[in-house]
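Here is a short briefing on helices and backbone angles. Look over the structure first, then read the points below.

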Amino acid sequence: MRDRDEVGRARNARPRDAYGRPLPHGAVGEERVPDDYAAEPAEALAEAQRLLDADRPFHAHEVLEAAWKAAPEAERALWQGLAQLAVGFTHVRRGNARGACTLLRRAADRIAPYTDTAVPHGSAAAPHGIAVADLAGTARELADRIERDGLAAVTDADLAPRLAQPI
């Protein structure tokens, strides 16, 4: 029997471990991002960065997924790609090389087109200062390295890239 919310939508109310794996009902798990989490893009990026830096990629994914669902249509693929990047990192932590490579490449494919977003004065930058080119390149390089050398080749620093460019 699946957990459901007050309007009947399926919800998994089971507690989760640090990497988002469900634990038995009644177990003590990690604090979750609330279902109604809403934040401005800068706040969502800062919170997702904090979670990545704390080795909580699953939780960073939840923050980025909330931003994706609230984003204007023109930015949705970018936020979806960021969420997929965090899911790719989650698969690394769970020991799933194939899933990690798949999600990292999907993330790169969704993020990369935003390198061409025009901003005033003729320069090119992604919305909200997101480090689009770096993140897309990092995701592809990491997927290639995992395929070539396995998960043991992944470092902690690989799983906490800078989401936004320094100001």
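How many Å should the 13 residues of helix 1 span, at 1.5 Å a residue? They should span 18 Å, and the end C-alpha atoms of helix 1 (residues 41-53) are 18 Å apart, which agrees. This is a predicted model: local features need pLDDT of at least 70, side-chain atom pairs count only at pLDDT 80 or more, and totals for chains, interfaces and linings use all residues. Residues are numbered from 1 along each chain as its sequence is written, and side-chain values use heavy atoms, without hydrogens and water.

**Helix 1**
- Helices are DSSP runs (H or I, at least four residues), numbered from the N terminus.
- The expected span is 1.5 Å times one less than the number of residues.
- Buried (under 20% relative accessible area, 1.4 Å probe, protein chains only) residues of helix 1 are Ala44, Leu45, Ala48, Gln49, Leu51 and Leu52.
- They cover an arc (of directions from the helix axis to the C-beta atoms) of only 165 degrees, which puts them on the same side of helix 1.
- Their cover includes helix 2 (57-70) and helix 3.

**Helix 3**
- The 19 residues of helix 3 (residues 76-94) should span 27 Å, and the end C-alpha atoms are 27 Å apart, which agrees.
- Of these 19 residues, 15 are buried, so helix 3 is largely enclosed by the rest of the structure.

**Positive phi**
- Most residues other than glycine have a negative phi.
- Aspartate 55 is not a glycine, yet has a positive phi of about 60 degrees.
- Aspartate 55 lies in the loop between helix 1 and helix 2.
- Histidine 128, also not a glycine, has a positive phi of about 65 degrees.

Technical notes
Helix = DSSP H or I, 4+ residues; strand = E, 2+ residues; numbered from the N terminus. Buried < 20%, exposed > 50% of the residue type's maximum accessible area, 1.4 Å probe, protein only. Contact = heavy atoms within 4.5 Å.
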